[in-house]
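User: I want to learn how to read a model like this one. Please take me through it feature by feature.

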Amino acid sequence: MALVVAAWSMPGGTARADEATVAAGAAIAAHSTVAGRAACSSCHGQDGAGQPDVGIPRLAGLSAYYIHEQLGYFASGARHNYVMSSYAAALTPAERREVADYYASLPVPPNPDPLPVAAAALDRGRTLFLNGAPDKGLLSCSQCHGTDGLGVGSFSPRLAGQSAAYIMDQLQRWHSGADRDPKGQYMRAIAGRLDTPDMRAVADYAASLPKEGRKP
């Protein structure tokens, strides 16, 4: 398997993971580090594609910095998930970095085949994503995630091609006031201004963006 050196996008510059670190992460992804515990690949795939039909997120295409940060939140309890919290806590800090470097090194897989979405709903999602909703005091998603949905370095993750089920689940968590992670205050404020149809429209539109992004 050819290994691509992963780039860390973080405040203050970009660092690069060496091939040995990426190889170690590949082994963690393929084989559990704890007896009796499933490997990362059992849910996220060895290719990092996730399972779009059940809302397990794609990791390929996210930055190593972002993946590592989220694993740290799961491990510390700052972010809660029944599966991920215990799994991340079982990894050492070095192992969390290695698996983050591995998944960030992977090419972004093709977009999953989307479920049929009404044109009106996609249009509404596009409007909210690109322009926001001034009547609700809602800023556009693109201000943080980019008009193409590719994210902005370590500041915000790529949404383009992520599954609608996963995006919707996260929006619902923020809407409910869940403390998803220490940086979630802003997203809670945003999601709190969206009703369920608008959350669904945004999720469907973001999921429809191609992996390379699309300019409006």
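**Contacts, burial and helix packing**

Analyst: Leaving aside its neighbours within four places in sequence, Gly-50 is in contact with Cys-43, His-44, Ile-56, Pro-57 and Arg-58. Contact means heavy atoms within 4.5 Å. This is a predicted model, where local features need pLDDT of at least 70, side-chain atom pairs count only at pLDDT 80 or more, and totals for chains, interfaces and linings use all residues. Residues are numbered from 1 along each chain as its sequence is written, and side-chain values use heavy atoms, with hydrogens and water left out.

User: Where is Gly-50 placed? Why does it count as buried or exposed?

Analyst: Gly-50 is in the loop between α2 (41-44) and α3. Helices here are DSSP runs of H or I with at least four residues, strands are runs of E with at least two, and both are numbered from the N terminus. Burial is read from relative accessible area: buried is under 20%, exposed is over 50%, and partly exposed lies in between (1.4 Å probe, protein chains only). Gly-50 has 18% relative accessibility, so it counts as buried. From Gly-50 to Ala-60 is 10 residues in sequence and 8.6 Å in space, C-alpha to C-alpha.

User: Now a contrasting loop residue. What is the relative accessibility of Leu-115?

Analyst: Leu-115 counts as exposed because its relative accessibility is 72%. Leu-115 sits in the loop between α5 and α6 (119-131). Its C-alpha atom is 9.4 Å from that of Asp-53, 62 residues away along the chain.

User: How many helices and strands does the chain have?

Analyst: There are 10 helices and two strands. The order along the sequence is β-β-α-α-α-α-α-α-α-α-α-α. Of the chain's 216 residues, 46% count as buried. Among contacts with a separation of 6 or more, 64% come from residues 24 or more positions apart.

User: How do I describe two packed helices?

Analyst: Two numbers describe the pair: the angle between the axes and the distance between them. Axes are lines fitted to C-alpha atoms, for helices over the stretch in contact, and angles run from 0 to 180 degrees between N-to-C directions. Helix α3 (residues 64-76) packs on helix α5 (residues 93-105) at about 140 degrees, with the axes 8 Å apart.

User: Which residues in α3 and α5 meet?

Analyst: From α3 come Ala-64, Ile-67, His-68, Leu-71, Gly-72 and Ala-75; from α5, Pro-93, Arg-96, Arg-97, Val-99, Ala-100, Asp-101, Tyr-103 and Ala-104. The residues of this contact divide into nine nonpolar, two polar and three charged. Ala, Val, Leu, Ile, Met, Phe, Trp, Tyr, Cys and Pro count as nonpolar, Asp, Glu, Lys and Arg as charged, and the others, Gly among them, as polar.

User: Why does the length of α5 agree with expectation?

Analyst: The expected span is 1.5 Å times one less than the number of residues. The 13 residues of α5 should therefore span 18 Å, and its end C-alpha atoms are 19 Å apart, which agrees. Buried residues of α5 include Arg-96, Val-99 and Tyr-103.

User: What about α8?

Analyst: Helix α8 (residues 164-175) has 12 residues and reaches 16 Å from first C-alpha to last, close to the expected 16 Å. Its buried residues include Tyr-166, Met-168 and Trp-174. Their cover includes α9 (185-191) and α10 (196-208). Gly-177 follows α8 and has a positive phi, near 90 degrees.
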